[in-house]
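Biologist: I'd like to learn how to read a protein model. Could you walk me through one?

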Amino acid sequence: MSTVEGAGQREEGEYGRAAKRLKTEERETEAEEKEEGEEELEEGEDSDSSSLPGNGESAADNRARWSASQYGAGRRDNGEDSHRISPSPVVHVRGLCEAVVEADLIDALEKFGPICYVMMMPFKRQALVEFSAVESADRCVSCGAKEPVYIAGQQAYFNYSTSKRITRPTNADNPNSGNKVLLLSIQNPLYPITTDVLYTVCNPIGSVLRIVIFKRNGIQAMVEFESVQCAQKAKAALNGADIYAGCCTLKIEYARPTRLNVIKNDNESWDYTKPYLVRRDRGKGRQRQAILGEHPSSYSDNGYGPPCPLLPLPGNSRYKLTSVDVPDMVSYPLPQSSSSYSGHAPSSVAMVSGLHPSKMNCTRIFNLFCLYGNIEKVKFMKSVPGTALVEMGDEYAVDRAITHLNSIKVFGKRLNVCVSKQHAVIPSQVFELEDGSSSYKDFAMTRNNRFSSAGQASKNIIQPPSAVLHYYNVPPCISQDHLLRLCTEHDVPGFVKFKMFDAKPSSKTISGLLEFDSKTEAVEVLTVLNHYQIRIPNGSNPYTLKLCFSTSSHL
């Protein structure tokens with residue numbers, strides 16, 4: 001092994017451990033909030049079926065209404081209820097609008113006293129705010145009980161947290177900590193995240209020195225700024241913001257490392273102080289492609305919104321460098337498929353190999369891949385057994401599928417997902433698979449595609465495979481035993497834990513979570529049972545069982 005490769009592995013291990021620690025600490029913080037007796041719903045989900053993908057109203061709108069009802073109807077004597085939990089310097093904030101960032105909370109709440117830490121929970125539209133003194137937190141909770149407190153133009157609701165301190169991924173609690181490295185977690189990454197994207201997002205707020213991107217249970221990155229003050233400004237201005245409209249949401253914490261070690265400049269790591277660290281491509285070298293170029297036609301034609309979504313920076317000048325250095329609006333780069341960095345030109349066709357010969361077919365490939373983009377056609381290759389071509393809606397969908405499905409195990413075989421040289425799937429040489437189904441199937445007109453419009457696409461939470469599945473669109477008469485029996489009938493593993501979300505009496509469907517012993521078992525169940533038709537006695541139309549990977553790691 002070369003010195004460079006060894007250093008790269010050590011560096012990746014260090015960043016991976018930091019990301020793992022952050023994820024553990026986030027789970028601990030969320031668990032503490034659950035102890036308050038306030039039910040935490042799945043990110044992007046609601047107890048009412050109207051919030052589920054495919055319905056007209058967004059899940060975020062339903063969560064806001066649920067939060068308001070909890071704090072309005074259930075806390076009419078708010079002054080008394082808020083003190084059931086002993087006073088704490090940490091305040092739990094609910095009912096935030098989708099566009100809120102950390103700076104908005106600071107601007108609205110610092111009148112109650114100095115704030116030393118903020119943790120955003122963007123998809124839950126919640127946050128934890130730690131004041132420097134209990135008296136400040138008490139003023140915040142008491143004021144919220146007596147009169148409306150608005151954050152970014154929307155009324156918010158407050159309660160004490162059971163925690164006395166927000167768990168940090170580092171000991172950096174104040175400006176004197178000397179930590180200038182931020183850890184960015186990109187949630188719901190509909191589009192590829194590269195060093196170019198993050199540099200364009202962060203550099204207008206504070207000078208960026210180095211960036212390292214890594215993929216551990218999702219997409220995360222570490223960004224090293226020139227100074228601690230630059231890092232603080234960036235965290236305040238960007239924590240909770242969307243890189244692109246409705247997706248690629250930033251959750252930002254201080255990282256443990258105080259300096260990043262970058263050994264090459266490419267789309268996953270870059271040292272802006274050392275431009276000579278050229279990327280090491282196999283084969284012929286070529287000039288690095290700039291992300292701020294002409295946007296691909298598929299981007300604007302597929303209804304994902306304007307080519308350059310804009311994010312307004314907080315109006316308070318302390319989060320900017322100067323009026324000359326930072327514009328009032330930051331224009332973000334256009335989505336760039338990482339396939340442009342591979343050996344092939346961008347393509348909307350993925351090649352999948354390592355498929356089980358008797359247990360995988362076109363429908364089951366659709367069930368798995370539809371979580372990451374629309375599926376147009378699926379064709380098994382007669383000349384290469386266990387291999388199929390999957391034509392998706394665009395190259396971004398292919399990139400998401402590669403990011404999350406490459407190297408996962410399905411029915412004892414490890415999948416290999418890559419960009420195909422083909423730019424379309426042509427139905428030639430159709431034959432019969434081992435299970436008797438056709439080797440080719442067209443899914444262009446199916447209603448089970450989940451990215452057919454911008455509104456529908458924004459409701460999908462892009463998640464890597466996990467051991468917990470979110471089920472929805474299930475008739476209320478279906479019980480835990482029914483679902484276990486369904487697993488048995490289709491020869492797939494049964495779940496070990498079950499949770500059903502509360503639903504209104506008038507709801508026509510129910511939803512919940514299923515936990516399995518392993519990620520592999522959950523993947524196999526989703527592959528087989530996703531879009532299963534549930535028929536009920538005297539029912540005119542069947543219910544389509546819909547499954548996706550949950551943001552929860554366990555129940």
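Modeller: We'll go through sheets, helices, cores and a few single residues.
This is a predicted model, where local features need pLDDT of at least 70, side-chain atom pairs count only at pLDDT 80 or more, and totals for chains, interfaces and linings use all residues. Residues are numbered from 1 along each chain as its sequence is written, and side-chain values use heavy atoms, with hydrogens and water left out.

Biologist: Let's start with sheets. In what order do the six strands of the open sheet lie?

Modeller: The general idea is that strands of a sheet pair through backbone hydrogen bonds, either parallel or antiparallel. Helices (H or I, at least four residues) and strands (E, at least two) are DSSP runs, numbered from the N terminus. Two strands pair if DSSP finds at least two bridges between them. Here the six strands follow the order 9-10-6-8-7-11, with antiparallel pairing. Strand 9 (242–244) and strand 11 (269–271) are the edge strands, each pairing on one side only. From one strand to the next, the twist averages 25 degrees; axes are lines fitted to C-alpha atoms, for helices over the stretch in contact, and angles run from 0 to 180 degrees between N-to-C directions.

Biologist: How many bridges link strand 7 and strand 11?

Modeller: Three bridges, in the antiparallel sense, and strand 7 covers residues 208–215. Look for Ile211: its bridge partner in strand 11 is Trp270.

Biologist: And which strands does helix 7 lie across?

Modeller: Helix 7 (residues 228–238) lies across strand 6 (181–187), strand 8 (219–225) and strand 10 (247–254), at about 140 degrees to strand 10.

Biologist: Strand 10 holds Thr249. Is Thr249 buried or exposed?

Modeller: Buried means under 20% relative accessible area, exposed over 50%, partly exposed in between (1.4 Å probe, protein chains only). Thr249 has 5% relative accessibility, so it counts as buried. Contact means heavy atoms within 4.5 Å. Leaving aside neighbours within four places in sequence, Thr249 is in contact with several residues, including Pro122, Phe123, Ser185 and Asp242. A polar contact is a pair of N or O atoms within 3.5 Å; within protein, one must be able to donate a hydrogen and the other to accept it, and residues adjacent in sequence count only if both atoms are side-chain atoms. The side chains of Thr249 and Asp242 make one, at 2.6 Å.

Biologist: What about the five-stranded sheet: which strands stand at the edges?

Modeller: This open sheet has the order 19-14-16-15-20 and antiparallel pairing. Strand 19 (416–419) and strand 20 (440–442) stand at the edges with a single partner strand each, so one side of each has no neighbour in the sheet. Four bridges join strand 14 (residues 349–353) to strand 19, and Ser353 stands opposite Asn416 there. Helix 9 packs on this sheet, touching strand 14, strand 15 (375–380), strand 16 (387–392), strand 19 and strand 20.

Biologist: Why is helix 9 described as largely enclosed?

Modeller: Because six of the eight residues of helix 9 (residues 362–369) are buried. Among them are Cys362, Ile365, Leu368 and Phe369. At the N-terminal end, Asn361 caps helix 9, with a side-chain oxygen 3.2 Å from the backbone nitrogen of Thr363.

Biologist: Which residues touch the most other members of the largest nonpolar core?

Modeller: A nonpolar core is a set of buried Ala, Val, Leu, Ile, Met, Phe, Trp, Tyr and Cys residues joined through side-chain atoms within 4.5 Å. The largest has 94 residues, and Leu368 and Phe369 touch the most other members. Helix 13 (residues 519–529) gives the most to this core, with six residues. Not counting residues up to four places away in sequence, Leu368 touches residues including Leu405, Val523, Leu526 and Phe549. Another core, of 25 residues, lies apart from it; Ile106 and Leu109 are among its members.

Biologist: One last thing: what is the phi of Asp491?

Modeller: Near 55 degrees, a positive value in a residue other than glycine. Asp491 sits in the loop between helix 12 (480–489) and strand 22 (497–500), and counts as exposed at 67% relative accessibility. His531 also isn't a glycine, and has a positive phi of about 70 degrees, but at 9% relative accessibility His531 counts as buried.
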